[in-house]
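Please take a moment with the model shown here before reading on.

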Amino acid sequence: MIADVVVALLNVLTVAAGAPLLVGALRTLKARLVGRRGASPWQPYRDLRKLFGKTPVVSTTTSWVFRATPYVLLSTMIVAALAAPVLSSRPPLAFAGIVLLMYLFLVGTFFLTLSGLDAGSAFGGMGSSREVAVAALAEPTVILAVLALSLRASTTNLGGVVEGLAADPRLAVDPVHLVAFVAFFIVMLAETGRIPVDNPSTHLELTMIHEAMILEYSGRHLALVEWAASMKLLLFLTLLANLFFPWGVPAVLSPMPLLIGTLVLTAKLAVLTVAVAVLETAMAKLRLFRVPELLAGSFALALLSVTAVFLLR
C-alpha cells in the first residue's frame, strides 16, 4: 500500500516537474536545428514563475467556466499521471485502461473549448470549433491504436499491456505494432497542438487552434493552462515510449528498479523529442482543410492494425 502511494506521488511529480523541461528542450533543439541559439531549456520554468506572480485579468463577460478551466485542466492531467505507466507498469489507476485517459483528456478539451467561447471573442470561437473538429477525429484513433496492443497482450490494463509486450520483444518490431505506433504518433501531434496540425509558436489567425482558445488568459490562469498543456505532451510521449517500446519499465516497486526505469524513460523521451523536433523543422504546417485528411489516414492505420491482429492470429 505504501509502495503504491510512493509510486503515485513519483508519477505526479515526474509529470508535473518534468513537463516544462521537455517543452524547453524541444524549443531549444528546434532553434539549434535551424541555426539559432534559442532560449535555455529551463526558460519555461522562468515563464511559469513570472506568470504565477501576476494577477489575472478576467473579462466581465465571462462566467465561472472561464475561471474554473485552468484548474480543471491541471486536475485532469494529475489524475492522468496516476493512470499512465510513467515510472512503473503498475500505476494506481492502470486498471481503467486507455478509456479513462481519453475521458480525462476529453474533459480538459471540453472545458477549454467552452472557455474559448465564454470570452465572446472571434478568435476564441474559431479556435474552439477547430479544436472540437480535431478531437472528434483524433480520440477514436488513440483508442483503436491502443486496442491493437491490448488484443496482442490479452488485457486492457495499461500496465498489463506493458508487461505483456515486454515479455515478447519480437512484438515491438511486428508490422501491426509499427502501424499502430505511426497512427498514435500522428494523433499525438494533433492532440498536443504540434506541427503539422497546429503551430504552438504563432498567433496568426489562419493557423491558430490551441493558442486561439487561450488568448484571453493571463497571469496565474495562463500559467496553469500552459503547464497543463506541457503535461499533456509529456503524457502522450510517455505513452508512446512505454506502450510501444516497453523495455525497461519496472514492475517491481523498489528503489533500484524505479531509478533504472526513470533513466530508461528519460532516454526514450530524448529520442522521441529529437524525432518531433526534426519533424517540425522539416515540415510546414498543413492547410487547415488538409488536417482531416491526415487524421483520417491515421484512423485508417489504427483500424488496419486492429484488423490485422485478427487476421494474423
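What follows describes the overall fold, then aromatic rings, and then two further places.

This is a predicted model, in which local features need pLDDT of at least 70 and side-chain atom pairs count only at pLDDT 80 or more, while totals for chains, interfaces and linings use all residues. Residues are numbered from 1 along each chain as its sequence is written, and side-chain values use heavy atoms, with hydrogens and water left out.

The protein has eleven helices and zero strands, where helices (H or I, at least four residues) and strands (E, at least two) are DSSP runs numbered from the N terminus. Its radius of gyration, taken over C-alpha atoms, is 19 Å, close to the 20 Å that the globule rule gives for 313 residues, so the protein is as compact as a globular protein of that length; the rule is 2.2 Å times the number of residues to the power 0.38. Of the 313 residues, 50% count as buried, where buried means under 20% relative accessible area, exposed over 50%, and partly exposed in between (1.4 Å probe, protein chains only).

Turning to the rings, the structure holds eleven aromatic pairs. Rings of Phe, Tyr and Trp (its six-membered ring) pair if their centres lie within 6.5 Å, and planes under 30 degrees apart count as stacked, over 60 as edge-to-face and the rest as tilted. One of these pairs, Trp42 with Tyr45, is tilted, at 5.8 Å centre to centre and 35° between the planes; Trp42 counts as partly exposed because its relative accessibility is 47%, and Tyr45 does so at 28%. The pair of Phe181 and Phe244 is edge-to-face, because the ring centres are 5.5 Å apart and the planes stand at 75°. This pair links distant parts of the chain, with Phe181 in helix α7 (residues 175–191) and Phe244 in helix α9 (residues 219–244), 63 residues apart. Phe181 is buried, with a relative accessible area of 17%, and Phe244 is buried at 0%. Both rings belong to a cluster, linked by ring pairs, that also includes Phe105 and Trp247.

Which residues does Thr109 touch, not counting those up to four places away in sequence? Thr109, which lies in helix α4 (residues 97–118), touches Glu131, Ala135 and Lys232, contact meaning heavy atoms within 4.5 Å. At 8% relative accessibility, Thr109 counts as buried.

Val34, by contrast, is partly exposed at 48% relative accessibility, and its place is in the loop between α1 (2–33) and α2 (43–52).
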